[in-house]
Amino acid sequence: MLKTRIITALVLLAVLLPVLFFQYFPAFAVIVTLFLGAAVWEGARMFGLKDGPARIAGIVGALLFVGLMYKAQPGSATALYAIASLLWLIRYAPSLGLGLPQLGTAANWSMALTFGFAVFVCFFAIVGLYLRSPVYLLSVLVLVWIADIGAYFSGKAFGKRKLAPTISPGKSWEGAIGGGIAVLVIATISILAAAGVPWLQDTFAVRLQARFGWGVTMLALLVIVAASVIGDLFESQLKRRAAIKDSSNLLPGHGGVLDRVDALIPVLPIAALLSTWL
């Protein structure tokens, strides 16, 4: 399994890094659209659609995404980012405590549609952040990865109080707090180092601090960490309800696309919304 994970990761890096840094937008748009279509397909199946209709949903979602990319302005789609962020606050985060609607009900299909919208906006935010610069996009992604890595090691070392035992028994409050501390520490280092490192000067945390100051920056980063945890837990809740381990097997050793981007789905619209003001 470890060998499979490593091979898949290397293949993905070999494809994604050149596309990201050569800044050839058509190639980037194709990759993002393919991943968006796969994510919609996986999500539709977890909400109860059969594989055939779920594939159609993925194809339709990808076509709509292409149209939106070339008709809208991803860097300034403030309303889309705000609505998606609000959905996480009032719809998905509460479900972690209240539970999900039963499969096949009107409430389930309503949530499926809004979650599809949230996934759609997440990938649209990826495009918007990329158009600002590949480094800027990576600076947001790295925050989520640091939160995840920090949570893993903190949880292993200190985890005692379960964060959501019925959804993801392996996660702890100590892990989540450790992930937040790791993000604040790394972000602080990058902000302090930015004056002497030119490429850091147009990264998310550095720009946030330059525009709003330390207090707002630290608070915004903690909101992003909390959003990443909620996104991870919500997808785990969907998988538990569907009685599946992974959202799909598209990425051998890693599960599906949603398994890789679950924490990003709420984070990227928030980051894109904040970035419209930077």
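Is Ala 243 buried or exposed? Ala 243 is exposed, with a relative accessible area of 68%. The cut-off for that label is over 50%. The model is predicted, and this value is computed from it. Ala 243 sits in the loop between α9 and α10, the latter covering residues 257-261. Its backbone also deserves a look. Phi of Ala 243 is near 60 degrees, a positive value in a residue other than glycine.

Stay in that loop and move to His 254. His 254 also belongs to the stretch between α9 and α10. Here the relative accessible area is 14%, so His 254 is buried. The limit for buried is under 20%. Ala 9 is 245 residues away along the chain, yet the two C-alpha atoms are 8.5 Å apart in space.

Now go to the start of the chain. Helix α1 covers residues 2-21, and Gln 23 lies in the loop that joins it to α2. Gln 23 has a positive phi, near 55 degrees, and is not a glycine. Its relative accessibility is 54%, so Gln 23 counts as exposed.

Helix α2 comes next. It runs over residues 25-46 and has 22 residues. From first C-alpha to last it reaches 31 Å, close to the 32 Å expected at 1.5 Å a residue. After α2 comes Gly 48, with a positive phi near 110 degrees.

Within α2, pick out Val 40. Val 40 counts as buried because its relative accessibility is 16%. What does Val 40 touch, not counting residues up to four places away in sequence? The partners are Ala 57 and Gly 58.

Residues 56-73 are 89% helix and 0% strand, with end C-alpha atoms 26 Å apart. Residues 212-234 are 96% helix and 0% strand, and there the end C-alpha atoms lie 30 Å apart.

Ala 72 falls in the loop between α3 (51-71) and α4 (78-98). Its relative accessible area is 23%, so Ala 72 is partly exposed. Phe 124 lies 52 residues from Ala 72 in sequence, and their C-alpha atoms are 9.8 Å apart.

Strand β2 covers residues 168-172, and Ser 172 lies in it. At 8% relative accessibility, Ser 172 counts as buried. Which residues contact Ser 172, leaving aside its neighbours within four places in sequence? They are Gly 155, Gly 159, Lys 160, Arg 161, Lys 162 and Leu 163.

Take α7 and α8 to begin with. Helix α7 spans residues 173-193 and helix α8 spans residues 204-212. Their axes are 9 Å apart and meet at an angle of about 70 degrees. That angle makes α7 roughly perpendicular to α8. In this contact, Ala 187, Ser 190 and Ile 191 of α7 meet Ala 205, Val 206 and Gln 209 of α8. By class, the contact has four nonpolar, two polar and no charged residues.

The other pair is α9 and α11. Helix α9 covers residues 214-242, and helix α11 covers residues 264-275. Here the packing angle is about 155 degrees, with the axes 8 Å apart. The two helices are therefore roughly antiparallel to each other. The cut-off for that term is over 145 degrees. From α9, the contact draws on Ala 220, Val 223, Ile 224, Ala 227, Ser 228 and Gly 231. From α11, it draws on Pro 266, Val 267, Ile 270 and Leu 274. These residues divide into eight nonpolar, two polar and no charged.

Methods
Residues numbered from 1 in each chain as written. Predicted model: local features only at pLDDT ≥ 70, side-chain atom pairs only at ≥ 80, totals over all residues. Heavy atoms only, no water. Helix = DSSP H or I, 4+ residues; strand = E, 2+ residues; numbered from the N terminus. Axes fitted to C-alpha atoms, helices over the stretch in contact; angles between N-to-C directions. Parallel < 35°, antiparallel > 145°, perpendicular 65-115°, else oblique. Contact = heavy atoms within 4.5 Å. Nonpolar A, V, L, I, M, F, W, Y, C, P; charged D, E, K, R; others polar. Buried < 20%, exposed > 50% of the residue type's maximum accessible area, 1.4 Å probe, protein only. Expected span 1.5 Å × (residues − 1).
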